[in-house]
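Me: I would like to go through this model with you, starting with how its strands pair. Shall we look at it together?
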Amino acid sequence: MKNLFLIALTMLMMQCVRDQRRQISGNYPQPLPDSIALPFLPGIVSSDSLDFNAAFSSDGERFYFSRSSHGKWMIYMTELREGSWGKPVLAPFTETEYSQADPFISRDGTLYYISNRPRYAGDTIPDYDIWFIRPQPDGSWSKPENPEGVNSDSTEYYMSRAANGNLYFASNRSGTLGSHDIYVSRHVDGGYITPENLGPAINSAQMEHDPMISPDEQYLIFTSVDRADSYGSGDLYYSQRSSDGTWSPAKNMGSKFNTKTYEYCAYLTPDGQYLFYSTNYDVKWISARHFPW
């Protein structure tokens, strides 16, 4: 009886995942991209301003992104209603006195982002830190919280979370190989341990930032600046994780993804079908079938 229950539970969980993937996939606007990156929701998300970042809600019916406005970064949201994506509005958790950007939504609905709001009373350091909020039963959001042990007195930004809870982010804290490096803070016993620099396979004497970790931590996509093999000033690079936990030397994602301009803010959709990234003041997307590995 116990075995039958476990089998039934496993099948139910698999069905839930399939249902979620179908729901998210059905919400994508047309035309769908293939081997050529297309602007996402022109006039709604990709507009005449500086637009960047990408994050779908768990049900695929809300899309969060960032926009530069009046000298600040603000997170905007567009909702799918009756088959159409609506005019973007400021996200309901916006604090207009500060800048906010880099939204990321975990599988449990927790929304991570960066802000230059003070971490504590009397905090006068003008840096960016990682924060998170949780959805509440009444549709509101919890108060912003700092993930303990992750932030420093330097800037932390663009967080990506693996399925096991490990947090990947960029920082210019002391100990970097270049101006900014990519770090991981591992989720252990319900908390986060001291962040680790991912080392020279990923980081260089140049600038690395905007990490996108796959849910299973098997590959990492990130931006690096002014490398010898770069197509432009900033390109998307990737590294794969071996069975012993080490990372392969980073490689350029290639001309399908990179251009003479700056590519950044990589984001993989929850169903794994599309890679979003920001370039030339717009948010673009391309089929993940064209990953170079």
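Me: Which residue in β12 stands opposite Phe-169?
Reply: Tyr-183 does. Please note that this is a predicted model: local features need pLDDT of at least 70, side-chain atom pairs count only at pLDDT 80 or more, and totals for chains, interfaces and linings use all residues. Residues are numbered from 1 along each chain as its sequence is written, and side-chain values use heavy atoms, with hydrogens and water left out.

Me: How many bridges link β11 and β12?
Reply: Five bridges join β11 (residues 167–171) to β12 (residues 181–185), in the antiparallel sense. Strands here are DSSP runs of E with at least two residues, numbered from the N terminus, and two of them pair if DSSP finds at least two bridges between them.

Me: In what order do the strands of that open sheet run?
Reply: The order is β10-β11-β12-β15, four strands with antiparallel pairing.

Me: And which ones stand at the edges?
Reply: β10 and β15 (196–197) do. Each has a single partner strand, so one side of each is left without a neighbour in the sheet.

Me: Changing topic: where does Asp-271 lie?
Reply: Asp-271 is in the loop that runs between β20 and β21 (274–279).

Me: Is Asp-271 buried or exposed?
Reply: Asp-271 is buried, because its relative accessible area is 9%; the cut-off for buried is under 20%, with a 1.4 Å probe and protein chains only.

Me: What does its side chain contact?
Reply: The Asp-271 side chain makes a polar contact of 3.0 Å with the side chain of Tyr-28, and another of 2.8 Å with that of Thr-269. A polar contact is a pair of N or O atoms within 3.5 Å; within protein, one must be able to donate a hydrogen and the other to accept it, and residues adjacent in sequence count only if both atoms are side-chain atoms.

Technical notes:
Buried < 20%, exposed > 50% of the residue type's maximum accessible area, 1.4 Å probe, protein only.
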